[in-house]
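Welcome! Please take a moment to look over the sequence and the 3D view, and then we will walk through a few places together.

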Amino acid sequence: MRDDRKYLLEAFMEAEKSKVEGTYPIGAVIVDSDGIIVSRGRNRVFSESDTTAHAEVDAIRNAGPAMLDIDNLKFLKKGFTLYTTCEPCPMCTCTILLSFSIARVVWAANDPEMGAMRKFKAGPHFQERFDKISYEAAPYRDLELRQREMLSDWYGQRGYSNSHWQNSSN
């Protein structure tokens, strides 16, 4: 699986940083076709007081120089892979779609509540764009359990005892 596990573990390093910063423990990395990490991102919602600072968006923002030809005002279509510890939410899924540079997405844990990549890809909207993006959903059970535990702990520390991370194995 193209070193998917290796890059998911890199994304988990970012998730650990988010955890230390006191925000959602979700991380992401973007990798080029040569296997080089071109950017890293992590959830910064509470550490930066920014509701849009999700891990995938952070990674895409940090990959701007690799995704854009600023001199000619064009998108560079590079065929990057985005690795994230959690299935992208609606905002992140659309950001991936509009980056025009990500051809593949791999995530560690499915999110039956807020995950949107699988739902959006099923259509019917923007199919011509979604058809250009493939995904691998939760290919490693141990990494899915790791992400689920991190999010369950995060919610539990805030007094939530009934989040879908604590009560679901999907």
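## A helix, a pocket and a loop

Just after helix H1, Gly22 takes a positive phi of about 85°. Keep in mind that you are looking at a predicted model.

Let's step back into helix H1 itself, which covers residues 4-21. Its 18 residues should span 26 Å at 1.5 Å a residue, and the end C-alpha atoms are 26 Å apart, so the two values agree. Which residues of H1 are buried? They are Asp4, Tyr7, Leu8, Glu10, Ala11, Phe12, Glu14, Ala15 and Ser18. These buried residues pack against several partners, including strand E1 (27-31), strand E2 (37-42) and H7.

The largest pocket has a volume of about 340 Å³. It is lined by 19 residues, and the closest to its centre are Ile26, His54, Cys89, Asp111 and Met114. Helix H2 (55-62), H7 and H8 are the elements that each give two or more residues to this lining. Here is the lining of the largest pocket by class:

| Class | Lining residues |
|---|---|
| nonpolar | 12 residues |
| polar | three residues |

Finally, find Asn162 in the loop between helix H7 (141-157) and helix H8 (164-167). Is Asn162 buried or exposed? With 65% relative accessibility, Asn162 counts as exposed, because exposed means over 50%. Asn162 lies 135 residues from Gly27 in sequence, and their C-alpha atoms are 23 Å apart in space.

Definitions and conventions
Residues numbered from 1 in each chain as written. Predicted model: local features only at pLDDT ≥ 70, side-chain atom pairs only at ≥ 80, totals over all residues. Heavy atoms only, no water. Helix = DSSP H or I, 4+ residues; strand = E, 2+ residues; numbered from the N terminus. Buried < 20%, exposed > 50% of the residue type's maximum accessible area, 1.4 Å probe, protein only. 1 Å grid on protein atoms, 1.4 Å probe; cavity = no way out; pocket = protein on both sides within 12 Å on 5 of 7 lines; lining within 4 Å. Points joined across faces, edges and corners; volume = space filled by probe spheres on them. Nonpolar A, V, L, I, M, F, W, Y, C, P; charged D, E, K, R; others polar. Expected span 1.5 Å × (residues − 1). Contact = heavy atoms within 4.5 Å.
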